[in-house]
Every structure is written in C-alpha cells, then in structure tokens.
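User: I would like to learn how to read a few features of a model. Please take them one at a time.

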Amino acid sequence: MAGSAHGHTPAAWTGVIISFIGFCIAGVFMVAANVPGFWAGVGVILLGGVVGGAMKIAGLGMPKESQAVIDARESATAAAKARV
C-alpha cells in the first residue's frame with residue numbers, strides 16, 4: 001500500500017481524524033455509563049465517513065486512473081515478468 005500512496009489525501013486524513021475523535025468520545029462515555037454521550041460519539045464516527053466522502057467527491061481524494069494508465073501498468077508488469 002505504501003507504494004501506491006493509498007490514503008495519503010486530505011479527504012482520507014480528515015475522515016480518519018474525525019472518526020478517531022468520535023471513537024474517543026464514545027469510549028469515554030461508554031466507561032462513564034452515559035448512553036446518550038456514547039451514541040453522540042458513534043454519530044461523530046459516522047460524520048467522519050460522510051465528511052471524508054464529501055471531500056473525495058469535491059476532488060480532495062485520490063484521482064481515478066485513466067484507462068491509458070491502467071494499460072501502461074499492465075504492459076510494464078508483463079514486460080518485467082518476461083525478463084525474469
């Protein structure tokens with residue numbers, strides 16, 4: 001995954017950070033036996049996914065690859081395998 005820069009976008013980081021904060025909120029309120037606070041934390045977790053998805057749609061996520069890039073990658077992989 002590191003070679004493809006998977007998840008290294010503003011949309012991914014923002015969604016994960018918001019979800020992590022929601023996880024912390026839910027955890028604190030679960031230990032405190034506060035049911036509404038726990039569900040508020042779960043709501044923040046879901047909000048992180050919504051915000052990350054909206055940012056991806058707005059163009060802050062990974063760009064989609066064109067068919068030319070996919071074809072070039074496949075031919076390079078085939079050429080590398082042929083050399084081995």
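User: Where is valine 51 placed?

Analyst: Helices are DSSP runs of H or I, at least four residues, numbered from the N terminus. Valine 51 sits in helix H2, residues 35-60. This is a predicted model; local features need pLDDT of at least 70, side-chain atom pairs count only at pLDDT 80 or more, and totals for chains, interfaces and linings use all residues. Residues are numbered from 1 along each chain as its sequence is written, and side-chain values use heavy atoms, with hydrogens and water left out.

User: Which residues does valine 51 contact, leaving aside its neighbours within four places in sequence?

Analyst: Contact means heavy atoms within 4.5 Å. On that basis, valine 51 touches Thr14 and Ile18.

User: What is the phi of alanine 33?

Analyst: Most residues other than glycine have a negative phi. Alanine 33 is not a glycine, yet its phi is positive, about 60°. Alanine 33 lies in the loop between helix H1 (10-31) and H2. Its relative accessibility is 67%, so alanine 33 counts as exposed.

User: Where is confidence lowest, and where highest?

Analyst: pLDDT is the predictor's confidence in each residue, from 0 to 100. Where pLDDT is low, the predicted coordinates should not be read in detail. Helix H3 (residues 67-83) is lowest, at a mean of 82, and H1 is highest, at 96. The protein averages 88, and 92% of the residues score at least 70.

Note on methods. Helix = DSSP H or I, 4+ residues; strand = E, 2+ residues; numbered from the N terminus. Buried < 20%, exposed > 50% of the residue type's maximum accessible area, 1.4 Å probe, protein only.
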